[in-house]
Each structure stands twice: as C-alpha cells, then as structure tokens.
Amino acid sequence: MLIRRAQLEDGRVTDVRIAEGRVVAIGDLIAAPGQEMLDAAGGLLLPGLHDHHTHLIALAAAMESVRCGPPEVHSIDELRIALNRPGEGWLRGVAYHESVAGMLDAAMLDRLAPHQPVRVQHRSGRMWFFNSAALEIVAAAPGAADRLERENGRYTGRLFDSDAWLRGALRGAPPSLAAVGARLSRYGITGITDMSPANDAALAAHFAAEQATQGLPQRLVLAGKQDLRANDMGPLMRLGAAKLHLHEADLPDLDVAVEFIRTAHTRGRRIAVHCVTDVELLFTLAAFDEAGALRGDRIEHASIARPDEIARMKRLGLWAAVQPNFVAERGDQYLADVAAEFTPHLYRLKSFLDAGLVLAAGSDAPFGDPDPWAAMSAAVQRRTPSGIAIGEKEALSPEQALDLFLRDPMDFTHRRKVEAGAPADLCLLDCDWSIARADLSAAHVR
C-alpha cells in the first residue's frame with residue numbers, strides 16, 4: 001500500500017510505502033502498478049498504539065455483561081433495574097462498587113434478582129457475589145467448600161480471588177475475542193500486553209487461535225504464570241513477564257516473593273508486580289532489594305507512590321506501567337475512600353518522568369475503560385468525573401501522554417516511530433496533530 005500525504009510526528013507531510021508488513025520507504029513516492037493507495041489528506045500517521053496492561057478474556061466477558069457500578073449505577077434501586085433482565089440463564093454483572101449498596105451477599109441479590117442465576121463481579125476483579133440460584137450451582141463444584149466464604153457455617157454468596165477455579169466450576173470455554181479485537185482496532189490499538197496472572201499454555205493456545213482467524217488482529221505480549229514458555233506463543237505473540245499479583249490483606253511471606261522473583265529470573269523471565277497500595281509497593285521494593293532486579297522488571301499500576309518509593313524504584317531500575325484513566329474514571333471515589341495523606345501520591349505521572357523512571361501506560365480493561373485516547377486526555381486534564389483536580393502537578397503534555405502508548409512493549413526505553421524498516425502496524429488520524437493534541441479523542445482515529 002502507498003499512503004499519500006500523511007503527516008508524521010516531525011511535522012512533515014509525505015508519502016509512506018508499506019509492503020510485507022513493514023514500512024519500506026518514506027518520501028515523495030510513485031505508486032507501483034496495481035498498488036493500493038490511501039490518501040491520508042494530511043492526517044497524522046502514528047505507530048499503532050499499544051495497551052501495556054489489559055485483560056482480554058475478562059474484557060470479552062465484560063462486553064457481554066451488565067454494568068452494576070458507577071457511572072451507570074449509583075444506588076440499590078438502579079442496581080435492581082440493571083439486574084432485572086429477561087431470561088432464565090446466567091446473568092453476569094460487572095464493575096460493582098460497594099458505594100452502590102455495600103458488600104453484596106446472596107440474601108441481598110435474592111431480593112434484587114431472584115428469578116435466574118446471578119453473579120456480580122466487584123470492579124477490582126477480586127470478588128464475585130452470587131444469588132442463591134447461582135450459589136447452588138457453584139457450591140456443587142469440586143473444591144467449593146474450600147473456596148466459598150462461610151459465616152456461621154453457611155455460604156454467604158461471596159468468592160474471593162478464585163477466577164481460575166470459577167471458570168472450571170462453570171465449565172466455561174474462553175470467549176471469542178472478535179468483538180474485543182474490533183473495538184480495540186477502532187481506537188488505533190495494534191498491540192496488547194495481557195497481564196492476567198492466570199495466563200497459561202491453554203490460554204496462550206486460545207489467543208493464538210483467535211489471532212489465526214483474525215478474531216484478534218492485534219499482536220500480543222502474554223504475561224502470566226511462571227511456567228509459560230516461548231514455545232507456547234503463537235506467531236503473533238511474544239512471551240511477557242511473570243506476574244506476581246499481590247493483595248495487601250493477604251501478602252505472601254517476603255521469602256516466598258523473593259524466591260518467585262529469583263526463579264523467574266533464572267528462567268529468563270522478567271517480573272511484573274501488581275501494586276495498588278502503599279504497603280504493596282513497599283513490600284515489592286523490599287523483595288527486589290533482596291532478590292535483585294533485572295532490566296525489564298516492572299511495577300503494574302504504582303497507584304500510590306511516595307517520593308522515597310519513587311527514588312527506590314529508580315535505584316532498582318524498575319519500569320512502571322501506569323493507568324492515567326483511573327483518575328478520570330474513579331477520582332471522586334478515591335477522594336471519598338483514600339486517606340488524605342495518600343491523595344497527593346495517587347497515580348503519579350510527571351513525578352515519575354522527572355525522576356527518570358521509564359513509563360508506559362495501559363487501561364487495565366475491563367476494570368478500566370480500554371480507550372487509550374480517554375486515558376491520554378485524563379493524563380493531561382487530571383480531573384475526576386465531577387471536575388475536581390487531583391494531582392495537577394502530575395499532568396502531562398499531550399505529547400507525553402501519547403508517548404505512553406507508543407513505547408515498545410518489550411523495551412519501554414524504546415519509543416516506536418514511523419520509519420523505514422519499522423513494522424507497518426499503524427494508526428491514521430483524520431486530522432493533523434495540532435488539532436488532535438487539543439482534542440485527544442478516539443473519534444479522530446480514521
């Protein structure tokens with residue numbers, strides 16, 4: 001293909017020829033006989049965007065589920081309306097937050113939606129709530145007695161940190177990713193890093209099959225379990241980090257975390273550690289101090305980071321995969337729930353860059369909005385849904401925000417560009433950068 005009159009990031013308006021999956025020439029070019037041509041009409045041509053932290057299987061399921069939390073649902077009455085859908089099969093709810101109606105249980109869900117099996121996922125992704133009809137099905141599965149929460153000898157209808165077990169209990173096959181692939185393509189996303197800690201060889205095979213049928217056209221970096229191997233990857237996949245998913249309320253012994261890091265390093269894997277609280281980050285830094293850090297080890301989220309913790313991250317050479325979208329999506333809830341001493345340290349951006357840390361961004365979809373342009377806008381604006389500013393000094397320029405999605409997924413220190421020899425995974429806008437930078441919106445993706 002010959003792309004005519006495209007604006008590059010240096011401001012040039014020029015022609016770009018692509019062949020066999022690569023950019024092969026840039027300049028004043030002549031179309032080859034029979035070559036397909038596309039007139040960019042001065043629109044900005046970028047490398048395809050990369051979401052550096054997402055969960056594809058959960059996103060596919062969420063797109064077929066009922067939203068049960070803010071901004072769509074704010075009260076118990078609105079939750080009742082959301083859950084009362086026609087049908088007799090399973091109803092799956094997502095994005096629930098306890099600000100709607102407290103911590104759900106089977107009794108409350110029976111009052112809200114008694115007519116079919118209902119399961120509702122907390123927006124953190126760590127909890128499921130079942131009504132009695134759903135609980136009866138789940139409780140019959142092997143291992144249920146060791147998984148489901150009990151109070152006074154009775155199941156409450158709550159399940160914690162057991163997604164892999166639940167999939168087996170419900171005998172669910174991984175979903176089609178066609179709708180996800182199409183949606184992400186509309187945002188200009190050509191690459192994804194899936195950060196689900198349960199990713200194993202079986203899920204790698206599912207992702208490869210989806211890519212082979214073009215259900216998932218994006219290239220994929222697959223993080224996950226320690227025993228994932230490069231041989232498990234399909235032709236459009238690369239092996240990512242070993243994921244250590246921490247929970248402040250149930251941290252492992254420090255020796256266990258240190259051994260996890262050392263074992264992964266011995267296998268040639270880098271480490272990605274889930275850190276959304278100050279305690280989780282302090283624990284992680286202590287583990288890296290003991291085990292040692294390798295180039296490419298990374299902190300996922302770094303939701304709360306004090307200046308001394310930022311300095312330790314820099315000293316250890318850790319990278320960070322951040323989610324600027326959460327300020328725009330959850331900022332009001334953070335102001336209500338997070339201790340005031342921590343709010344200046346929420347979802348830092350500029351402080352990381354000023355300290356010399358290497359950053360890239362992801363959405364954490366479906367727990368965050370998968371639209372990278374909304375995340376860029378959030379990084380620039382730093383406004384909550386109600387318009388309150390959080391950490392204005394952490395705001396980035398539009399160029400810095402865009403940069404977060406153009407980092408090489410295997411090497412955050414490398415920033416991808418449209419240049420000869422580069423992969424022809426591209427994103428074309430319908431306007432030049434002077435317009436797009438003032439309106440960071442997926443509507444401009446042509």
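**Close-up views of two sheets**

**View 1. Strand 7 meets strand 8.** In this predicted model, strand 7 and strand 8 (residues 91-96) run parallel and are joined by two bridges. Strands here are DSSP runs of E with at least two residues, and helices are DSSP runs of H or I with at least four residues, numbered from the N terminus. Two strands count as paired if DSSP finds at least two bridges between them. Look for Val66, which stands opposite Gly93 in strand 8.

View 2. Follow the order 7-8-9-10-12-11, in which the pairing is mixed. Strand 7 (66-67) and strand 11 (148-151) are at the edges with a single partner strand each, so one side of each has no neighbour in the sheet.

**View 3. Helix 4 on its strands.** Helix 4 (residues 132-139) lies across strand 9 (118-122), strand 10 (127-130), strand 11 and strand 12 (154-160). Its direction makes an angle of about 115 degrees with strand 10. Such angles run from 0 to 180 degrees between N-to-C directions, with axes fitted to C-alpha atoms, for helices over the stretch in contact (heavy atoms within 4.5 Å).

**View 4. Strand 14 beside strand 15.** Four bridges link strand 14 (residues 219-224) with strand 15 (residues 237-245), and the two run parallel. Find Leu220 opposite Met237 in strand 15.

**Notes.** Residues are numbered from 1 along each chain as its sequence is written, and side-chain values use heavy atoms, leaving out hydrogens and water. Because the model is predicted, local features need pLDDT of at least 70 and side-chain atom pairs count only at pLDDT 80 or more, while totals for chains, interfaces and linings use all residues.
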